[in-house]
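Please look over the sequence and the fold before reading on.

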Amino acid sequence: MTTGAGRPLKVAVIGGGPGGLYAAALLKRFDPAREITLWERNTPDDTFGFGVVLSDETLGGIEHADPAVYAALQAEFVRWDDIDIVHRGRRHTSGGHGFAALGRRRLLQILHARCRELGVDLRFAAEAPPAAALSETYDLVIAADGVHSATRTAHADVFRPRIEEHRCRYIWLAADFAFDAFRFEIVETEHGVMQLHGYPYEAASATDPGSAAGGPGSSTVIVEMREEVWRAAGFDGLGEAESVERCAKLFADALDGRPLRSNKSAWTTFRTVVNDRWAHGNCVLLGDAAHTAHFSIGSGTKLAVEDALALAACVEEQPTLPEALAAYEAERRPVVASTQRAARASLQWFEELGRYVDQPPRRFAFNLLTRSRRVTHDNLRLRDAEFTRRVEEEFGCPPGTPPMFTPLRLRELELRNRVVVSPMDMYSAVDGVPGDFHLVHLGARALGSPGLVMTEMVCVSEQGRITPGCAGLWTDGQAEAWRRIVDFTHTQAPGTAIGLQLGHSGRKGSTKLMWEGIDDPLDEGNWPLVAPSPLPYKPGVSQVPRELAVTELPLIREEFAAAARRGADAGFDLLELHCAHGYLLSGFLSPLTNRRTDAYGGTLENRLRFPLEVFDAVREVWPDERPMTVRISATDWAEGGTSGEDAVAIARAFAAHGADAVDVSTGQVVADEQPAYGRSYQTPYADRIRNETGVPVIAVGAISSWDDVNSLVLAGRTDLCALARPHLYDPHWTLHAAAEQGYTGPGVEWPAPYRAGSRRPQTGRTDAPRPRLRLD
């Protein structure tokens, strides 16, 4: 053995799927002296599933690492570019996508042959010894034993797996003909919505007439539906043959009346596997044993093969096995995490498919294509400009107008584009009075031509401040200072609306400025805090707030109304009530922060009572022609907190009381939250509220590119996008987004003194001729 020093010479592989086989072949190819043994409990001809899809990126890695395997695969691939989406009798086709697929059995045969050619010891119909036993006699043990990995289970204390089962049932089947595109077909039944995912993996010209498939090619067909739909339709009581026949009838149009076939096919639920660690001593997880990603983005085999490539490369590059396994995990983990985020977005989209079936046909198709956020508006426009143009036309985009530059009307206020400068606390006021800093900060961003620029949370009372530097509207002097900023916006940035966000800190007040210690209490000069219940934000650190008595609620309600009157007099175009992030009104809404037993606590209806009373009081004094929005935390990112169903109910309640849009944020309600950060990670909550309630929404949270804004708006997941950090990086973010897209219409306006900068400045050449000769 060479464990801990040098490269492993004796390797054990548990599992004969594509990942395990390819890892064995590569390690043997790189060092023919290695002794590599692979155990597979099934026979060589056993396989589950039918076709696999590989990306050009993966194929490029294979070509570089093993041209022989690449050449064999190239001879077998079926390639196509189109995606067909069929819904309510209409088919929409989007081209330019580029897929390559082949039969899983054929892939395994190619890898079997390559392993035998190289001298790998393949042991079929044989259970591998436990990884712990193998680790004693082998230098390296590769556990490629699948989603139900016995190795992972045996060493769960080290790998620390987290396994999540999802809400849909699905079954892998095949059709004996080749689809001419990747096909998604939606069927609405009396039991609910069902979907078919289908793609070719064997072309008609390559079909072996003597094979079990026969006929003109073959296609993978996956039928999927929500668990409750599956049960209502009676699939839980059907055997394999009956299920196959039933699926063929349900999707007879897609199959042109032809049958489906199975191969030990069974209905199952998808399991997302995440492990905190991938290595244990000289044992390492690979493929589905380490991670899974939903089949709707075609990633399982791709990830396993890429794992094999990376593992083999790291073993060759690193001087010791521990360093190789650490390098393998460091290289693959970010890629896998990104893929899993995309896969989760995709699987959740299909779980909630019923939410979208009433969308206009082309918007529905665009929504499906962009569901994982890996395909975007700009990316799709490059792939299929005509399809994207038709989606934009159906949405109402004037010719040459990106979706983000279409107007949106809320009451009598028309926003000229869909960009919002999100509220950002600046902690730079003196005695609640906004000064020159606020004028420059908000004025600069207004000059950047967003549809709407929002103030930070403006506090309705001195007691309701977060920090000593928070701005307020509890005095007329503060109102005059705000009027100066509003007047500047209206005169110097005509067409940009300015909105006022009103809030009360509740239990999260009396803290230091953000850069001095966010959410930490002041060292001195603290003021008393109030909240729905006497629970500190940070137990043992934060002040314990006093529980508000029912008799005190009318006073706070009037403080909000008085601030709203001042805001209206100052000329603000829109008012937002802050009911998110654990501040006072949010504290009433969340069951984690509201433990009251009176009429303002307990049920969601009771927890909504005071926030709605405040909303009504503000709406009553706010001019009727001006819109009001409300910001909510749609999840607390903590067990027992606000649920998705709660968030929908909260949005409906505020809409029923006159809210014109819901600003959908998340979290910051409890200190022990565990957010699932990632690109546009909060937008699914806005999406759900918009498409379940019909209420306009503002999406927030790591939306950083104009391409994201176009994609989210055009797909119908949001009406407006609020961006914070991008506007700190670039106050003229919206103007630059227009310039980069070549847009010059009415959705933006360059201030006259800035028009000379409306084109990107020239830069030095980066395309210098390369040397004709290169000496190594």
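Patches are made of residues with over 30% relative accessible area and no salt bridge, and nonpolar side chains are joined into a patch within 5 Å. In this predicted model, Met514, Trp515 and Ile518 make a nonpolar surface patch of about 340 Å².

**The surface patch**
- Trp515, one of the residues of the patch, belongs to helix H18, which covers residues 514–517.
- Trp515 counts as exposed because its relative accessibility is 54%, and the term exposed applies over 50%.

**The open sheet**
- Six strands make up an open sheet with mixed pairing, and their order is E8-E2-E1-E9-E17-E16.
- Strand E8 (121–124) and strand E16 (279–280) stand at the edges with a single partner strand each, so one side of each has no neighbour in the sheet.
- Within this order, strand E1 (residues 10–14) pairs with strand E2 (residues 35–40) in the parallel sense, and five bridges link the two.
- Ile14 has Trp39, in E2, as its bridge partner.
- Helix H12 (residues 321–351) lies across strand E9 (140–143), E16 and strand E17 (283–285), and H12 runs at about 10° to E17.

- Asp708 lies in helix H24, which takes in residues 706–714.
- With a relative accessibility of 6%, Asp708 counts as buried, because that term applies under 20%.
- When neighbours within four places in sequence are left aside, Asp708 is in contact with Arg679 and Ile703.

How values were computed: Residues are numbered from 1 along each chain as its sequence is written. This is a predicted model: local features need pLDDT of at least 70, side-chain atom pairs count only at pLDDT 80 or more; totals for chains, interfaces and linings use all residues. Side-chain values use heavy atoms; hydrogens and water are left out. Helices (H or I, at least four residues) and strands (E, at least two) are DSSP runs, numbered from the N terminus. Buried means under 20% relative accessible area, exposed over 50%, partly exposed in between (1.4 Å probe, protein chains only). Contact means heavy atoms within 4.5 Å. Patches are made of residues with over 30% relative accessible area and no salt bridge: like charges are joined within 9 Å, nonpolar side chains (Val, Leu, Ile, Met, Phe, Trp, Tyr) within 5 Å. Accessible areas come from the Shrake-Rupley method with a 1.4 Å probe; for residues, only the protein chains shown count as cover. A salt bridge is a side-chain nitrogen of Lys or Arg within 4 Å of a carboxyl oxygen of Asp or Glu. Two strands pair if DSSP finds at least two bridges between them. Axes are lines fitted to C-alpha atoms, for helices over the stretch in contact, and angles run from 0 to 180 degrees between N-to-C directions.
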